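Work through the exercises below with the sequence and the model open. Try each task before reading its solution.

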Amino acid sequence: AHIAGGRRVFASASSPFSESNPPFYVTQIDRQADSRRKEDELVRLMQSPQAKLLPICNGKTLVHSDGAALVPAKDLALSEDQESYFLGESEQGEPIFAVEIKEESEVPTLAGADVRFIDLRTEGPELPHEDAALLGLAQSL
């Protein structure tokens, strides 16, 4: 451990991260703070053909071999009482929502054969930084 800026920093030789390259920090989405307060705008974004969902089940997030697994919103039927959280828009203009699902089996056939739910705390640092940040944001809501 060493002291940096008045705080103790721990690093190991095997860690791929440093103070200049932290996990869960870099995100490529536009958070659109103004849109998240407007119900009609959120409905419009969710109904967009480009809308994507990031499923969360029992505190675990959905990933595939390359990172975060986003499911087209049109492919996952949400119930009236199921809450979704607007995370922002991707660089490609896709609205992205986090959604809590009850059963892991609800999603994998929709998202592809190579998907699984992970514990972000243990496996998140192995993901691409942008995906780890997006998944961390989704779980924080």
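**Exercise 1. Find what covers the buried residues of helix α4.**

Solution. The model is predicted.
Step 1. Take the cover first. It includes β3 (52-57), β4 (60-64), β5 (67-68), β7, β8 and α3 (120-123).
Step 2. List what is being covered. The buried residues of α4 are His-129, Ala-132, Ala-133, Leu-134, Leu-135, Leu-137 and Ala-138.
Step 3. Recall the helix repeat. An α-helix has 3.6 residues a turn, so residues three or four places apart point the same way.
Step 4. Check the helix length. Helix α4 covers residues 129-140, which is twelve residues. At 1.5 Å a residue they should span 16 Å, and the end C-alpha atoms of α4 are 16 Å apart, so the two values agree. The expected span takes 1.5 Å times one less than the number of residues.

**Exercise 2. Describe how strands β7 and β8 are joined.**

Solution. Step 1. Locate the strands. β7 spans residues 84-89 and β8 spans residues 95-100.
Step 1. Get the direction. The two strands run antiparallel, with five bridges between them. One partner pair is Ser-84 with Val-99 of β8.
Step 2. Inspect the turn. Five residues lie between the strands of this hairpin, and Gly-93 takes a positive phi near 85°.
Step 3. Search for aromatic pairs. The whole structure has one. Phe-86 and Phe-97 form it, 5.2 Å centre to centre, with 50° between the planes, and the pair is tilted. Phe-86 lies in β7 and Phe-97 in β8, so the pair ties together parts that are eleven residues apart in sequence. Both Phe-86 and Phe-97 are buried.

**Exercise 3. Is Pro-95 buried or exposed, and which residues is Pro-95 in contact with?**

Solution. Step 1. Find the residue. Pro-95 is in strand β8.
Step 1. Apply the cut-off. Buried means under 20% relative accessible area. Pro-95 has 2% relative accessibility, so Pro-95 counts as buried.
Step 2. List partners beyond four places in sequence. Pro-95 is in contact with Leu-45, Ser-48, Gln-50, Ala-51, Lys-52, Phe-86, Gly-88 and Glu-89.
Step 3. Take one of them. Gln-50 is 45 residues from Pro-95 in sequence, yet their C-alpha atoms are 6.8 Å apart.

**Exercise 4. Which residues have the most contacts inside the largest nonpolar core?**

Solution. Step 1. Name them. They are Leu-53, Leu-62, Leu-76, Phe-97, Ile-101, Val-107 and Phe-117, in a core of 18 residues.
Step 1. Trace the sources. α1 (39-46), β3 and β8 each supply at least two residues of this core. The largest share, three residues, comes from α1.
Step 2. Follow one member. Beyond four places in sequence, Leu-53 has contacts that include Met-46, Leu-76, Phe-97 and Val-99.

Definitions and conventions:
Residues numbered from 1 in each chain as written. Predicted model: local features only at pLDDT ≥ 70, side-chain atom pairs only at ≥ 80, totals over all residues. Heavy atoms only, no water. Pairing = 2+ DSSP bridges. Helix = DSSP H or I, 4+ residues; strand = E, 2+ residues; numbered from the N terminus. Phe/Tyr/Trp six-rings, centres within 6.5 Å; stacked < 30°, edge-to-face > 60°. Buried < 20%, exposed > 50% of the residue type's maximum accessible area, 1.4 Å probe, protein only. Contact = heavy atoms within 4.5 Å. Core = buried A, V, L, I, M, F, W, Y, C linked by side-chain atoms within 4.5 Å.
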